[in-house]
Structure formats: structure tokens, C-alpha cells
Amino acid sequence: MADISKILLGRRSIRKYTADPVEDNLLNDILTMGCRASTTGNMQVYSIIVTRDNKKKQELLPLHFNQKMITEAPVVLTFCADFNRFSRWCRLRHAEPGYDNFLSFFTAAIDALLVAQTVCIAAESKGLGICYLGTTTYMAHKIIEVLDLPKGVVPVTTVTLGYPAEKPEQVDRLPLDAVVHHETYHDYTKESIDRFYMEKETRNDSRQFIAENGKETLAQVFTEVRYKKEDNEVFSKMLLEVLHDQGFM
Ligand SMILES: Cc1cc2nc3c(=O)[nH]c(=O)nc-3n(C[C@H](O)[C@H](O)[C@H](O)COP(=O)(O)O)c2cc1C
């Protein structure tokens, strides 16, 4: 059996895949392991849409801003917050579901993310590579159409899956001290921020990233290029509309 510590410490996102298919049995095993993740009240308020069909992948591609993993990976998994199935069960059993609210969406989104991450670890333990796609929440309204998601169901993240055709360098992480607080939250000072971000800021790949984007600091690449306020506001509005249309608000 694969050593879990080695898998977790050695992992990296994989964005290039070989043409080897992921066999149905293997995928089923991975999904079965994933579905052992903790889930709120054991309700399993999530669904996983498996996309293998090339035509469907082509439809999804632009919705993921043409990130080529969508069409190159043999398997695309869309993890959805799902109160549709559970609510149907309730109604059929003379129980009135009260899940048409934001808290229930958040609960289901947590469930969906926990199952997603457990599926990822299961896949990595079997020698597969994965990459999350955050574009799902930007284009949820269109993904809902392509995947025929009914009311009560909202896609929250997508994972591409396949055998790795690359072994990229591991990227950095902040030191553990930067993210762990003992007993109470210890707010950051200028000095601690400088210390915690020093390695990230002085790496060659960061310097290159700053130069390529014509910025002065790495933080500006985030705020002015990658995750801009204007975009965040537009996509927030769109996501709130999706939550409304899908019956969560
Ligand atoms: C919610 C989420 C969304 C992500 N979205 C994308 C994405 O759209 N495209 C991409 O190439 N990588 C995406 N990633 C992968 C991250 O870029 C990657 O995990 C991070 O840079 C750290 O690299 P590592 O996973 O190799 O350690 C996403 C990761 C998460 C958790």
C-alpha cells in the first residue's frame, strides 16, 4: 500500500496527461474511496458528474477558459453541492425539506469539497495526477446547462484526472508558522509578513512572474492580473444569481 505521508508531501498538481485511459474499475475504486469522506449528518449532499465524452469536454472547454486539461485529461470530474436528491427523499417520506437557503448551499459546498479532495488523494495514491479548476464557480450558470443540473444543484469545483505526462517542480508553501495559530489567532505584523513571504517573493519563478506581468511586486500580480477586484465583483454577482436560480437564496 502506498505511504500516505510520501504521497501528501510529494504531491503537485498535474496539468499534462498521457493518452492512457483511466479504467472504469479504477475510477470506481477512487470514487468509492472518495465517498468515504466525512459528510454533514451523513447526508452526502453532493453529486459528482463524470465527463469522459469528447463532445461534452469540448462543450466544457470554453467554460473553463480553454484550459486544455479539460480536453486532454481522460476524466473530468465536476463536484456539485446537491440538496436535490436529499430533498426528494425527504418529500417522498413525508418530510418537508428546509434547504432552500444559503446555509444549506454552504453545507453542501463543504461536503462537495471534502469529497473532491478525498477523491484527489485516492487518485494520487493510485499513481494518477489531478488538477483543480477554479473556473467552475465563475461559469457555474453555463456548466449547469451543459451538465443538465437541476434546481438544488450547484457545481463548486472541477478536477481533471489522468496519468501524469509531466513531473513539474513542486511549488512553494508558506512556512507552517505562517498558517498555524496556537490557541488564539495571532495577527500579523509588518515583520512577520516580511518573514513569511520572503521565500515566495525571492524565488526565481516569482521574479520571472513579476517581470512577465510588468509589475513591481508579486502581490500586484495577484491583485492586478490574476484575481482582480473587478473580476471578483462580476463573478460574485453571477454566482449569487446562480444560487438564487438554483433555489438556495
Ligand atoms: C479551488 C482550486 C482551484 C484551482 N484552479 C486552478 C485552475 O483553474 N487552473 C490551474 O491550472 N490550476 C488550478 N488550481 C491548482 C493550483 O494552482 C495549485 O494547487 C497551486 O498552484 C499549488 O500547486 P500544487 O497543487 O502543485 O502544490 C486550483 C486549485 C484549487 C484548490
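The model is predicted, so to speak of a local feature takes a pLDDT of at least 70 and side-chain atom pairs count only at pLDDT 80 or more, while totals for chains, interfaces and linings use all residues. Residues are numbered from 1 along each chain as its sequence is written, and side-chain values use heavy atoms, with hydrogens and water left out.

Let's start with the big picture. The protein has 13 helices and four strands (DSSP runs, H or I of at least four residues for helices and E of at least two for strands, numbered from the N terminus). Its C-alpha atoms fill a box of roughly 60 × 40 × 40 Å along the principal axes.

Now for the ligand. Around it you'll find Arg11, Arg12, Ser13, Arg15, Gln67, Met69, Cys131, Tyr132, Leu133, Gly134, Val171 and Arg173, each with a heavy atom within 4 Å of it. Strand β3 (residues 129-133) gives the largest share of this shell, three residues. Sorted by class, the shell has five nonpolar, three polar and four charged residues (Ala, Val, Leu, Ile, Met, Phe, Trp, Tyr, Cys and Pro are nonpolar, Asp, Glu, Lys and Arg charged, and the others, Gly among them, polar).

Which atoms of arginine 15 and the ligand lie 2.6 Å apart? They are an N or O atom in the arginine 15 side chain and an oxygen atom of the ligand. Arginine 11 has a polar side-chain atom 3.2 Å from a ligand oxygen, and a polar backbone atom of glycine 134 lies 2.8 Å from a ligand nitrogen; a polar contact is a pair of N or O atoms within 3.5 Å.

Notes: Polar contact = N/O pair within 3.5 Å; in protein donor to acceptor, adjacent residues only side chain to side chain.
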